[in-house]
Amino acid sequence: MAALNQALVLALETNPKESYVVAAETLLRLLDNIIREPQNAKYRTVRIDNPSIREKLLSVEGMKQLMLAIGFIESNGTLTVPSNVLLANLRRYREFIHERKELIKNPPKEKEINSTPGISCSTSATANDNIPLERTVQKSKPEMVLQPSGSNNAPAHQPSPPTQTEAPCVIKSSRPFLARIEFPKVVQGNNTLLRQLELLSDQVMQYEDELLLASGKSLIPIETLTAKAKGKLAQWKRLLASNDTSAQQEPSEEDLLLAELTAWFRAEFFTWVNALPCTVCGNEKTQLVRSTVEDGVRVEIYRCCGQLRHFYRYNDVEKLLQTRRGRCGEWANCFTFLCRCLGYDARYVFSTGDHVWTEVWSEQKQRWIHVDPCENVLDAPLMYEHGWRKEITYVFGFARDDVQDVSWRYSNNHKLLLQRRREGGACSEQALLDAIGKLRTKRRAGLNCTPERMSYLRQRTVDECLELLGNAGRVPTAAEREGRSSGSLEWRLQRGEQQINTRYMFIPTQEEVQAKQFNIRYCCATDCYERFLKGSSNRVNERITEKANGWESRQYVSRNIFRKEEHDWKMVYLARTEGTDEATIEWNFDFSVQGLRVKQIELRFGQETYDGAKVELYYIKSDGTQSQALSSLCECGKFTLQARLSGGKSWQHAQLFRQSKSATDEYPFEMNIVLM
């Protein structure tokens with residue numbers, strides 16, 4: 001019997017309560033009819049264009065996905081339950097949906113809610129998830145059941161259904177959000193900037209809740225990320241040994257694990273939201289009609305097809321572990337917390353230039369490392385000033401035991417930075433230093449730091465101040481000159497080129513070295529890469545060794561590229577972003593680390609062009625020479641595959657990997673290499 005996918009049922013509860021209840025009751029009526037009269041064919045089919053079905057049922061986000069999981073099949077404008085779907089499975093879904101709907105429609109009173117602290121596993125939840133967290137702050141904290149995330153075989157942002165041996169994990173804190181961030185105020189006066197600093201300093205203390213830390217840690221695929229970090233460390237050691245570059249510092253496993261955590265967070269755990277897509281027509285550029293505040297939570301309201309959708313901008317990291325979506329504020333908030341879950345000293349970094357990110361202390365480097373989870377970028381602090389062309393004025397880092405003005409790390413023109421501060425008049429430098437000193441004392445006193453820890457923190461602060469001053473005049477690296485990749489097209493065009501810098505490099509695993517082969521393929525329909533080993537009879541005995549979700553997850557770098565889904569024609573492909581004249585995407589391969597070279601190579605690279613558009617393939621060797629002949633890669637140990645898209649009358653006239661959305665077992669991009 002198919003497993004009950006509780007996650008999809010619970011996901012419905014992120015919709016407004018009224019819409020959710022109507023949709024749930026409509027679905028229950030459909031299931032009741034089928035269960036009551038299983039031989040009546042008319043009860044098994046609903047038409048998608050039926051106004052009642054479209055408005056009451058399918059307008060709710062996640063409903064179609066749930067119906068498909070239940071057993072409905074979409075075909076010719078209908079959703080139909082085939083006769084071979086077991087009634088027992090329909091009954092299980094019906095009972096769970098009914099139970100959840102009743103809890104949402106008639107939530108239990110305070111005395112009925114189990115408020116016993118602890119992290120546990122269960123087969124059901126008691127959460128009213130569509131109610132903003134701050135609304136329930138005076139009540140016992142409701143629970144939200146989610147699956148552990150991060151499996152390489154599961155689609156991004158969609159947890160796998162629970163198995164009989166693995167119960168879903170409960171996300172739970174010991175206290176409500178406001179209680180976790182409530183502290184006596186030490187900054188006096190009404191200066192807006194200084195009051196904001198104290199608010200943010202208090203807010204990061206929500207990360208220190210022990211129950212919440214355990215909940216967050218349970219969602220991280222620690223073993224998988226650690227194995228990847230160990231593999232990268234082994235590759236580094238081989239690379240350093242083969243190049244005899246003893247002067248270059250070997251990275252630590254902790255720093256490599258941080259890089260893996262960042263990549264996983266961006267590719268699999270969290271979702272960027274520009275606007276809430278329309279659940280009726282699929283429009284991803286719905287209109288923001290107004291913003292409001294509900295019980296302390298900022299809410300954006302979007303309209304399309306007569307429907308209103310509410311996007312809650314939560315500050316509570318407990319809530320973000322459930323929704324896993326937002327913009328840079330939500331991203332940095334949740335990512336900084338997950339860093340704390342793994343034991344890192346981590347800061348939430350706030351800039352008055354309308355962006356936030358994270359800093360993590362590196363024990364090996366003995367300094368703070370800049371981490372931007374939205375961009376999957378580490379240690380490139382000047383990228384905002386030089387790549388994004390932002391004017392840096394104030395940047396602050398907030399940790400459980402520290403507050404620091406880190407503006408000087410993010411600008412190499414300190415003279416101009418000070419000039420902007422004086423002209424802006426937000427506050428005097430002396431008032432700022434006094435406020436930071438008070439907040440730092442407040443944080444450290446609240447943790448009851450030992451004398452040894454206090455001495456260590458004071459010395460670290462002094463060392464950091466010297467480091468920040470030494471940043472003046474530093475030449476930005478190539479990575480720090482690159483533009484923004486997160487956010488909507490409009491945002492990126494305002495800031496320059498839309499570049500995505502995954503920096504992923506294909507390096508043979510031990511199995512691939514032993515087999516003297518390397519094989520990679522990509523299916524645009526599933527948006528998934530597969531790395532595999534061929535058997536003696538090719539695909540008959542092949543073995544998949546790795547799956548990676550997202551076209552950008554295994555690229556090296558790209559510019560002006562996105563994945564287009566044609567809802568009318570049911571086709572999908574990679575193309576230039578709208579409004580751009582040309583685009584590039586690169587994949588990087590390095591077999592030289594193990595002393596290997598290409599003996600034979602085969603490449604399938606699907607492309608479609610229209611109205612004079614061009615797709616040009618270039619093979620670039622490590623010495624910079626490039627060719628359009630695949631044979632030029634023979635006996636090469638390291639190379640880059642680059643595709644350039646240009647021309648045509650429109651951005652979509654040059655396409656890569658075009659295929660039907662239903663062609664989930666076809667691979668328009670496949671490379672097979674025999675190594676020597």
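These notebook entries record what I looked up in this predicted model.

**Entry 1. Ground rules**

I worked from a predicted model in which local features need pLDDT of at least 70 and side-chain atom pairs count only at pLDDT 80 or more, while totals for chains, interfaces and linings use all residues. Residues are numbered from 1 along each chain as its sequence is written, and side-chain values use heavy atoms, with hydrogens and water left out.

**Entry 2. The chain as a whole**

I looked up the secondary structure and found 18 helices and 32 strands in the protein chain. Helices (H or I, at least four residues) and strands (E, at least two) are DSSP runs, numbered from the N terminus. Of the 676 residues of the chain, 53% count as buried; buried means under 20% relative accessible area, exposed over 50%, and partly exposed in between, with a 1.4 Å probe and protein chains only. I then turned to contacts, meaning heavy atoms within 4.5 Å. Among contacts with a separation of 6 or more, residues 24 or more positions apart account for 68%.

I traced an open sheet of 3 strands in the order 7-8-9, with antiparallel pairing. Strand 7 (287-294) and strand 9 (307-313) each have a single partner strand, so one side of each is left without a neighbour in the sheet. On average, neighbouring strands here are turned by 25 degrees against each other, direction ignored. Two strands pair if DSSP finds at least two bridges between them.

I followed strand 7 into strand 8 and counted 7 bridges in the antiparallel sense. E294 stands opposite V297 in strand 8. The hairpin of these strands has 2 residues between them, and D295 takes a positive phi near 50 degrees.

I next followed strand 8 (residues 297-304), which 7 bridges join to the antiparallel strand 9. I301 has H310 as its bridge partner in strand 9, and C304 stands opposite Q307. This hairpin also has 2 residues between its strands, with C305 in the turn at a positive phi of about 55 degrees. Is strand 8 mostly covered or mostly uncovered? I found that 6 of its 8 residues are buried, which leaves strand 8 mostly covered.

**Entry 3. Helix 10 against helix 12**

I examined helix 10 (residues 253-269) and helix 12 (residues 328-341), which pack at an angle of about 140 degrees with axes 11 Å apart. Axes are lines fitted to C-alpha atoms, for helices over the stretch in contact, and angles run from 0 to 180 degrees between N-to-C directions. The two helices are therefore oblique to each other; angles under 35 degrees count as roughly parallel, over 145 as roughly antiparallel, 65 to 115 as roughly perpendicular and the rest as oblique. On the helix 10 side, residues including L258, W264 and F269 meet a set in helix 12 that includes W331, F335 and C339.

**Entry 4. Two buried residues**

I located R180 in helix 6 (residues 177-180). R180 is buried, with a relative accessible area of 1%. A polar atom of its side chain lies 2.9 Å from the backbone oxygen of R175. Leaving out residues up to four places away in sequence, R180 touches several others, among them M205, D209, D316 and E318.

I found S252 in the loop between helix 9 (222-243) and helix 10. S252 is buried, with a relative accessible area of 11%. Although S252 and E363 are 111 residues apart in sequence, they lie 8.7 Å apart in space, C-alpha to C-alpha.

Methods. Polar contact = N/O pair within 3.5 Å; in protein donor to acceptor, adjacent residues only side chain to side chain.
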